[in-house]
Amino acid sequence: MTAIQLLTNVAQLVTPAGVGASRGRDMRALDITRDAAIAISDGQVIWCGPRREWTGAADVETDAGWCAVVPGLVDPHTHAVWGGDRLADFESRASGVSYESTLAAGGGIRHTVACTTASDTDALLQATWQRVRRMTRAGATTIEIKSGYGFTLEHELRQLAVVRALAALVPATLVPTMLFHLPPRDAVARVDWMQAAVFEWMPAIRDAAVGSVDVFIEQDAFSVAEAGELLRAARAQGLQCKAHTDQFNALGGTELAIAHDALSVDHLEASGPAQIAAIAASRTVGVLLPGVTLHLRMAAADGRALIDAGAVVAVGTDCNPGSSPLFSMSLAMALAVRLNGLTPAEALTACTANGATALGLSDRGRIVPGSRADFLVLRSADWRDLPYTLGDDAVARVFIAGIETS
Ligand SMILES: [Zn+2]
């Protein structure tokens with residue numbers, strides 16, 4: 001008989017209604033229980049409901065201090081393994097240099113690639129560990145981390161090995177993704193590189209126990225045709241797909257990714273009615289990244305139109321050194337309300353149940369019997385303080401698989 005922990009004195013227990021992906025305006029439906037309790041055993045929720053209805057015995061009682069409790073946040077999009085910094089880019093952008101100009105001039109991401117490949121593995125692991133700790137403190141209990149700053153198979157696999165090593169050391173679930181970020185600039189080298197990516201990289205990625213592949217589809221990155229080759233090769237190896245699409249230009253990447261049954265299409269700032277309709281008609285999740293909108297002062301993705309069209313929408317931090325130095329899913333949720341037009345309830349669903357769907361995970365994102373006991377105790381008795389609060393720490397305590405993290 002395993003021990004039962006009972007979380008009591010919960011002012012509000014708040015969780016997205018329904019099961020699986022929450023679509024369109026159904027994202028507003030929350031189940032809210034006042035004066036609730038949650039029973040946990042073996043890292044899972046075994047019961048939850050009004051406190052007075054609990055009739056079982058508990059080995060341990062944990063007092064939530066009459067605060068609201070919500071599911072642990074799921075961040076489906078980060079680039080948290082990097083070396084060096086981009087403080088000079090930040091300063092020059094604030095002086096009027098555009099992100100595209102920085103990319104085209106060989107700065108920006110190429111600087112991060114040089115610093116990341118030059119870092120020793122222990123230094124990369126230490127730096128990433130610190131970032132994951134900050135993300136967890138702000139409420140993220142599941143975090144996707146992409147490679148993409150290696151550009152060679154050896155260095156991409158090294159970044160993914162850092163994620164896997166770290167996953168064994170931290171309480172949060174870390175989900176590694178191989179990102180095809182930028183192709184070689186030389187046209188001849190690019191053709192050979194694509195051949196290697198399709199025939200050599202994909203089997204190696206599968207053998208490295210990485211479940212999914214992401215491709216950055218943009219004018220200065222991979223073309224739709226190249227991305228099609230990569231995604232087809234990934235699917236042939238049994239890998240899941242996702243893509244960075246419509247960040248600056250709607251080139252057809254969203255439609256391509258959906259055709260490959262992608263888990264998610266991420267960014268969507270330049271998506272028009274055709275792309276929004278395509279996402280809404282699919283089971284692919286549209287992932288909004290409001291940190292980029294804030295940091296680069298770009299147009300925001302039209303989250304309101306996506307949800308009104310019936311899409312499944314999630315939110316991520318896109319934590320990365322160049323375009324979104326955002327470590328807090330709580331703040332990403334708050335920004336999705338201000339910048340992407342989500343209601344507070346839609347934003348909570350986007351950051352929990354739908355984030356899990358964007359990672360292909362069905363065991364989390366809600367507080368229901370059978371789910372992982374990943375949840376947050378807020379500082380407030382009203383859950384709406386979480387998306388309402390800007391820049392303060394609305395999350396008081398983080399529980400992962402039923403265990404409080406420090
Ligand atoms: Zn990204």
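Okay, let's start inside α6: its buried residues are Met194, Ala197, Trp201, Met202 and Ile205. Buried here means 20 or more other C-beta atoms within 10 Å of a residue's own, with C-beta atoms placed from the backbone. Helices are DSSP runs of H or I, at least four residues, and strands are runs of E, at least two, numbered from the N terminus.

Before I go on, this is a predicted model, so to speak: local features need pLDDT of at least 70, side-chain atom pairs count only at pLDDT 80 or more, and totals for chains, interfaces and linings use all residues. Residues are numbered from 1 along each chain as its sequence is written.

What covers those buried residues of α6? The cover includes α5 (153-167), β7 (173-180), β8 (212-216) and α7 (224-236), going by contacts, meaning C-beta atoms, placed from the backbone, within 7 Å.

Now the helix itself. α6 runs over residues 187-207, 21 residues, and reaches 29 Å from first C-alpha to last, close to the 30 Å expected; that expectation is 1.5 Å times one less than the number of residues. Where does α6 bend? At Trp201, by about 40°, and Pro203 follows within four residues. The bend is the angle between axes fitted to the seven residues ending there and the seven starting there. After α6 comes Ala209, with a positive phi near 60°.

Zooming out, the protein has 15 helices and 15 strands, and buried residues make up 53% of its 406 residues. The C-alpha trace spans about 70 × 45 × 45 Å along its principal axes.

Notes
Buried ≥ 20, exposed ≤ 12 C-beta atoms within 10 Å, placed from the backbone. Contact = placed C-beta atoms within 7 Å.
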